[in-house]
Amino acid sequence: MEDVLDPIEFLQQEVASTRQLLLNNGLYYRLQSMADLRHFMEHHVFAVWDFMSLLKALQRDLTCVDVPWVPTANPATRRLINEIVLEEETDLDPQGQPTSHFELYMRAMEECGANTQPIRRLVAAVGAGRPVSQALTDAQAPESVRQFVETTFRIVESGKAHAVAAAFTFGREDLIPAMFRQLVGELRTRFPGQLDTFTYYLDRHIQLDEEVHAPLAQQMVRELCADDPQRWQDAQQVTIECLEARMALWDGIKPTQASPTLA
């Protein structure tokens with residue numbers, strides 16, 4: 001019916017209040033010192049890392065990664081996922097050299113003196129075959145980080161491609177431009193010329209997600225949910241869960257409790 005609201009618009013309206021609470025979070029204004037920023041990055045890097053598992057789950061579910069290869073149903077969705085994998089896993093750094101956004105973020109952490117050892121312990125543990133929950137323990141991740149990452153992996157392991165797509169789209173790609181735009185503005189004001197790699201990372205995400213990824217990702221959700229009311233309900237619930245997990249992650253970052261070695 002013509003007077004029925006588009007399901008994407010309906011979902012966005014239903015989650016708008018939660019989304020706005022996140023965008024109004026005072027964290028962006030609490031980053032007053034370099035020590036505050038280091039502390040923020042030491043938490044946020046785990047979200048940069050676990051994003052790739054959302055993306056890779058979609059690549060696994062919506063493209064063919066098996067041998068022998070067979071074409072999957074939707075070429076447009078295949079192209080979207082593969083384009084995002086290309087840019088997330090092998091984008092170009094400020095010098096024009098290939099790197100993943102995660103590795104770029106790690107470089108930005110090192111440039112400002114943030115502690116990369118916890119996230120390195122997690123990656124090493126996962127690489128050695130440990131479950132994510134054990135890897136988080138090995139990394140001595142803060143509780144807010146653990147809850148955020150475990151939320152991501154519950155969605156990944158749900159086996160519901162439409163739920164993963166909703167988390168990816170409305171919990172990340174559709175959210176990040178507005179979230180990072182506030183952050184990068186504050187950083188440029190407080191630390192002019194001191195965070196070139198980090199601001200490049202933020203600017204790159206704003207550009208790619210806003211102009212390319214988010215609109216295509218919305219179309220992916222539309223195709224996966226189709227005319228199934230339960231799938232649209234799942235998408236809405238997962239989106240709210242992701243937004244609330246991000247708020248808890250942000251609220252867990254207490255600059256005054258930064259590690260003394262980084263103060």
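Axes here are lines fitted to C-alpha atoms, for helices over the stretch in contact, and angles run from 0 to 180 degrees between N-to-C directions. Helices (H or I, at least four residues) and strands (E, at least two) are DSSP runs, numbered from the N terminus.

The model is predicted, so local features need pLDDT of at least 70 and side-chain atom pairs count only at pLDDT 80 or more, while totals for chains, interfaces and linings use all residues. Residues are numbered from 1 along each chain as its sequence is written, and side-chain values use heavy atoms, with hydrogens and water left out.

**Exercise 1. Describe how H6 packs on H7.**

Solution. 
Step 1. Two packed helices are described by the angle between their axes and the distance between the axes.
Step 2. The axes of H6 and H7 cross at roughly 145 degrees and come within 8 Å.
Step 3. The crossing of H6 past H7 is right-handed; a crossing is right-handed if the near helix is turned clockwise from the far one by less than a right angle, and left-handed if anticlockwise.
Step 4. On the H6 side the contact (heavy atoms within 4.5 Å) involves Pro118, Arg121, Leu122, Ala125 and Val126, and on the H7 side Ala135, Leu136, Asp138 and Ala139.
Step 5. Sorted by class, the contact of H6 with H7 has seven nonpolar, two charged and no polar residues. Ala, Val, Leu, Ile, Met, Phe, Trp, Tyr, Cys and Pro count as nonpolar, Asp, Glu, Lys and Arg as charged, and the others, Gly among them, as polar.

**Exercise 2. Identify the buried residues of H6 and how they are arranged around its axis.**

Solution. 
Step 1. Buried means under 20% relative accessible area, exposed over 50%, and partly exposed in between (1.4 Å probe, protein chains only).
Step 2. In H6 (residues 117–127), the buried residues are Pro118, Ile119, Leu122 and Ala125.
Step 3. Viewed down the axis of H6, these buried residues fall within an arc of 125 degrees, so they line one face of the helix. The arc is that of the directions from the helix axis to the C-beta atoms.
Step 4. The face of H6 turned away from the buried side carries the exposed residues Ala124 and Gly127.
Step 5. The packing partners of the buried residues of H6 are H3 (34–62), H5 (101–112) and H7.
Step 6. After H6 comes glycine 129, whose phi is positive, near 95 degrees.

**Exercise 3. Describe the packing of H7 and H8, then the loop between them.**

Solution. 
Step 1. H7 (residues 132–139) and H8 (residues 143–156) pack at an angle of about 160 degrees, and their axes are 10 Å apart.
Step 2. That makes H7 roughly antiparallel to H8. Angles under 35 degrees count as roughly parallel, over 145 as roughly antiparallel, 65 to 115 as roughly perpendicular and the rest as oblique.
Step 3. H7 passes H8 in a right-handed crossing.
Step 4. Val132, Ser133, Leu136 and Thr137 of H7 make the contact with Arg146, Val149, Glu150 and Phe153 of H8.
Step 5. By class, this contact of H7 with H8 has four nonpolar, two polar and two charged residues.
Step 6. Glutamine 140 is in the loop between H7 and H8. Its phi is positive, about 55 degrees, although glutamine 140 is not a glycine.
Step 7. Glutamine 140 counts as exposed, at 64% relative accessibility.

**Exercise 4. Classify the crossing of H9 and H12.**

Solution. 
Step 1. The axes of H9 (residues 161–173) and H12 cross at roughly 45 degrees and come within 8 Å.
Step 2. That makes H9 oblique to H12.
Step 3. H9 passes H12 in a right-handed crossing.
Step 4. The contact includes Ala163, Ala166 and Phe170 of H9, and among the residues of H12 are Val238, Cys242 and Leu243.
Step 5. By class, the contact of H9 with H12 has eight nonpolar, three polar and four charged residues.
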